[in-house]
Amino acid sequence: MSLGLYLHIPYCFSKCRYCDFYSHPGERGVPDAYVDALLRELHRFAPNAPLRPDTVYFGGGTPSLLTPAQAERLIRAAEPVSGAEITLEANPETVTEESLRGFRAAGVNRISFGVQSARDTQLRTLGRPHSAKQARAAFAAARRAGFENISGDIMLALPHYTQAEFDETLELIEKGGATHISAYLLKIEPDSAFGKHPPEGLPTSDEAADFYLYAVEQLEHHGYRQYEISNFAKPGYEGRHNLIYWDCGDYLGLGPAAHSCMGGKRFCYAPDTAAFLQDAAAPIMDGNCGAEDYLILQLRLRKGLDLAAYKAIYGKQFSTAQLAFVQNCVRAGYATFDGSTLALTPAGLIVQNSILAQLL
């Protein structure tokens, strides 16, 4: 069984207007005291032996505010297995070729750039602190620094969005040498700046669905195979860390607001950096990861749900009524089903919640 390690870095330059992740804006670096606190928690979970994770993921916030030396301390302490996937999320304006070379030497072998759009006007609307020019420079610097596994994020259905904007953003990321692309529909979160003051020009839900289907089509045409609802990769470059989540594997998340699931048990840290630094934030138990989670997560994947595995692991199987509903989904073009594996099509992924409501 694979083990994933997630390290939350809650510091960032500024808060993007769509973001409701736990983070501290206005920062230009990561305090050594915070790295010390992460190391303390690592040793708490593995007091006598290293964790030996199969994947390590630095998420945030803006993990590229770490120094390469800080990243190296954390990677060394975790002692990942040989060949582990080690990912660092990065904002284009926070990296240089020198820092990227440092991260590569520290053991990071996968870099993920938050690009979102190739249009500077859109980036300003989103509250992104970088420009398209900086994004292009970051990809080029990453390649020169020795990164071969490079991911880029695209945000879809933005204010006043067009297919041409998607095409420009895909071109920027593809020419940058990306082997993996995450393409997300903009979601207006209530606690974000957009949630409090929604921007003008947002697409309707039907228009957003059309943008999503267009993105899937174009990404596949450019050689990025869809393997999850929002993730596309060149063959062999699927994100191994997130696949652990979607396959209901074991993952340990460290840092304020970080979530874990180990042995089917969920737990998390409170979103309180001060308490985490002071060792006053013990993980909080958060229920179990069971059959419902497995069904939801497997149907995010284009490979779909293996009904034999679903029954073997959780003792669950579809009723006659549910199987009839599945056949209706197939006829509507929302799913494929060969009697053993149920997989949603891109059109089905758009209405996944409605489908799940009939299967849970």
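Which side chain does a polar contact join to that of R110, and over how many Å?

Reply: The partner is T87: its side chain and that of R110 are joined by a polar contact of 3.3 Å. A polar contact is a pair of N or O atoms within 3.5 Å; within protein, one atom must be able to donate a hydrogen and the other to accept it, and residues adjacent in sequence count only if both atoms are side-chain atoms.

First, the ground rules. This is a predicted model, where local features need pLDDT of at least 70 and side-chain atom pairs count only at pLDDT 80 or more, while totals for chains, interfaces and linings use all residues. Residues are numbered from 1 along each chain as its sequence is written, and side-chain values use heavy atoms, with hydrogens and water left out.

R110 sits in strand β4 (residues 110-116). Strands (E, at least two residues) and helices (H or I, at least four) are DSSP runs, numbered from the N terminus. R110 is buried. Buried means under 20% relative accessible area, exposed over 50%, and partly exposed in between (1.4 Å probe, protein chains only). R110 has no salt bridge. The nearest side chain of opposite charge is E85, 4.1 Å away. Here Lys and Arg count as positive and Asp and Glu as negative; His and the chain ends are not counted. A salt bridge needs a side-chain nitrogen of Lys or Arg within 4 Å of a carboxyl oxygen of Asp or Glu.

Other charged side chains do pair. The count of salt bridges comes to 14. One of them joins D36 and R73, at 2.8 Å from N to O. D36 lies in helix α1 and R73 in helix α2 (residues 68-78), so this bridge ties together parts 37 residues apart in sequence. D36 is partly exposed at 38%, and R73 is partly exposed at 36%.

Another salt bridge links E238 and R225, at 3.0 Å from N to O. E238 is in the loop between β8 (231-233) and α9 (240-246), and R225 is in strand β7 (residues 225-228), so the pair ties together parts 13 residues apart in sequence. E238 is buried at 17%, whereas R225 is partly exposed at 42%.

K303 bridges to D247, with the closest N and O atoms 3.3 Å apart. K303 is in the loop between α11 (291-298) and β13 (305-306), D247 in the loop between α9 and β9 (250-254), so parts 56 residues apart in sequence are tied together. D247 is partly exposed, at 33%.

R28 lies over the face of F13, 4.1 Å from the ring centre. R104 lies over the face of F147, at 5.8 Å. The test: NZ of Lys or CZ of Arg within 6 Å of the ring centre and within 35 degrees of the ring normal. R104 has another neighbour in space, G146: the two are 42 residues apart in sequence but 7.1 Å apart, C-alpha to C-alpha. G146 lies in the loop between α5 (132-144) and β5 and is partly exposed at 35%.

Now ring against ring. The whole structure holds 13 aromatic pairs. Rings of Phe, Tyr and Trp (its six-membered ring) pair if their centres lie within 6.5 Å; planes under 30 degrees apart count as stacked, over 60 as edge-to-face, and the rest as tilted. Y11 and Y34 form an edge-to-face pair, 5.4 Å centre to centre with 85° between the planes. This pair links distant parts of the chain: Y11 is in the loop between β1 (3-9) and α1 (32-45), Y34 in helix α1, 23 residues apart. Both Y11 and Y34 are buried. Y161 and F211 have ring centres 4.9 Å apart and planes at 85°, so this pair is edge-to-face. Y161 is in the loop between β5 (149-156) and α6 (163-175), F211 in helix α8 (residues 205-221), 50 residues apart. Both Y161 and F211 are buried. Y11 and Y34 also belong to one aromatic cluster with Y269 and F276.

Last, the cysteines. The search finds 0 disulfides. C16 is in none; its nearest cysteine sulfur, that of C19, is 6.2 Å away. A disulfide needs two cysteine sulfur atoms within 2.5 Å. C16 is buried at 9%, and C19 is buried at 16%.
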